[in-house]
Structure formats: C-alpha cells, structure tokens
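Please look through the structure below together with its sequence.

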Amino acid sequence: MNSEGIIFVRVDDRMVHGIVATQFLPAYKATRAMVVNEKAAGSEIMRMSLKMAVPTGVALSVLAPEKASANILNGNYKGQRVFIVGKFISDIYALFKAGVKFDALDLGNCTQNDVNDPTLTVLDKTVRVNPEELAMLKEMSEGGVRVFCKFKENDPEKDCKF
C-alpha cells in the first residue's frame, strides 16, 4: 500500500463486476473501490449499478479522473485500502499525469477496441490496445509503473514490455 492508501490499480472496461467484486476486492482486503471514469461519474444510473456490485463493507467512489486525482493528492484516502479501477487506460493515465503515485497497473480487461482494427496490439487474451493507449502505457512504464496483464485474481501476472 502506498502513502495515499492505494493498494491496487486496474483497467477493466466492465469496472466493478463479478471478478473484481468477488475476487480482487476481498483478496486485497479493500475498504474502498474507486471507479475512475468521467462518464460513470456523471451517470446516476451507473453509480447506482456500481454500488450494487460492491461487496458489503466496501465503500465506493465513482469519480472523474480530475476529481479522483485531487482527492488522492489531498490525502483523502490515507488509512484506507483503495482499489482503483479505470474503465479505460486513459482514465488511469490521467491519474499518472496528475502526479498520483502507484507502482503497478493491471490490464485486466481492455476489449472495447474493434478486434478487426489492424493497428491494435494484443497484449493478452482480454487486452487489446490502440496506438494511443500503447504510448500511454509505455510512458507509464518508463515512469516506473510496472504494467502487467492479469484477468482473474489467481491468474499469474504477465509483464508487458514496450
């Protein structure tokens, strides 16, 4: 856990769902799930749906990247065990660019890109990234963030090289 309370950072285009709620959050003893995504933060229906997916006893924040960064950097989560999940790589990249410190990034499920797009790079069975996302990942990696793919909590981590 880092000084801001962050215990794990993941990109998953489903945000909080079965695998995150039943495997990752309990395994990391998370006290707060933080969904970082502009659209989800602006949708009452999405926030309500995500709240239903979070296990009892785990707090939920659904925030735009700018608000999440400000809250983290302000120390609002010190003493908590915060599991961060972004819908898109760009959501987590925004945290990184704002100065939020994290050691590792799990690319759990990044399937929103068109599988027939010839510019995509396949990093794992559930991770397809476009050139812009690949550049973001490379920058984070060069900035000291270990990037890996791990779909389920008990899967082995597959390091990504850029």
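In this predicted model, Asn 76 is partly exposed, because its relative accessible area of 35% falls between the 20% limit for buried and the 50% limit for exposed residues. Asn 76 sits in the loop that runs between helix H4 (65-73) and strand E4. Its side chain makes a polar contact of 2.9 Å with the side chain of Asn 74. Lys 29 is 47 residues away from Asn 76 along the chain, and the C-alpha atoms of these two residues are 19 Å apart.

How much of strand E2 is buried? Five of the five residues in E2 (residues 32-36) are buried, so that the strand counts as mostly covered. The cover extends to both faces: Arg 32, Met 34 and Val 36 are buried on one side, and Ala 33 and Val 35 are buried on the other.

Another arginine, Arg 10, belongs to strand E1. Is Arg 10 buried or exposed? Its relative accessible area is 0%, which is under the 20% limit, and therefore Arg 10 is buried. What does the side chain of Arg 10 contact? It is joined to the side chain of Asp 106 by a polar contact of 2.7 Å.

The next topic is the aromatic rings. A pair of aromatic rings is described by the distance of the centres and the angle of the planes. The model has nine aromatic pairs. One of them is formed by Phe 8 and Tyr 28, with 4.5 Å from centre to centre and 40 degrees between the planes, a tilted arrangement. Because Phe 8 lies in strand E1 and Tyr 28 in the loop between helix H1 (18-27) and E2, this pair ties together parts that are 20 residues apart in sequence. Phe 8 and Tyr 28 are both buried.

Phe 24 and Phe 83 form a tilted aromatic pair as well, with 6.0 Å from centre to centre and 55 degrees between the planes. This pair links distant parts of the chain, since Phe 24 is in helix H1 and Phe 83 in strand E4, 59 residues apart. Phe 24 is buried at a relative accessible area of 0%, and Phe 83 is buried at 1%. Phe 8, Phe 24, Tyr 28 and Phe 83 belong, along with Phe 148, to one aromatic cluster.

Finally, there is the question of open space. Rolling a probe the size of a water molecule over the atoms shows where empty space is left. The largest pocket has a volume of about 180 Å³. Ten residues line this pocket, and those closest to its centre are Ile 6, Ile 7, Phe 8, Asp 103 and Ala 104. Strand E1 (residues 6-12) gives the most to the lining, with four residues. By class, the lining of the largest pocket consists of eight nonpolar residues, one polar residue and one charged residue.

Technical notes
Residues are numbered from 1 along each chain as its sequence is written. This is a predicted model: local features need pLDDT of at least 70, side-chain atom pairs count only at pLDDT 80 or more; totals for chains, interfaces and linings use all residues. Side-chain values use heavy atoms; hydrogens and water are left out. On a 1 Å grid over the protein atoms alone, a cavity is a set of points where a 1.4 Å probe fits but cannot get out, and a pocket is an open set with protein on both sides within 12 Å along at least five of seven lines; lining residues have an atom within 4 Å of a point. Grid points are joined across faces, edges and corners, and a volume is the space filled by probe spheres set on the points. Helices (H or I, at least four residues) and strands (E, at least two) are DSSP runs, numbered from the N terminus. Ala, Val, Leu, Ile, Met, Phe, Trp, Tyr, Cys and Pro count as nonpolar, Asp, Glu, Lys and Arg as charged, and the others, Gly among them, as polar. Buried means under 20% relative accessible area, exposed over 50%, partly exposed in between (1.4 Å probe, protein chains only). A polar contact is a pair of N or O atoms within 3.5 Å; within protein, one must be able to donate a hydrogen and the other to accept it, and residues adjacent in sequence count only if both atoms are side-chain atoms. Rings of Phe, Tyr and Trp (its six-membered ring) pair if their centres lie within 6.5 Å; planes under 30 degrees apart count as stacked, over 60 as edge-to-face and the rest as tilted.
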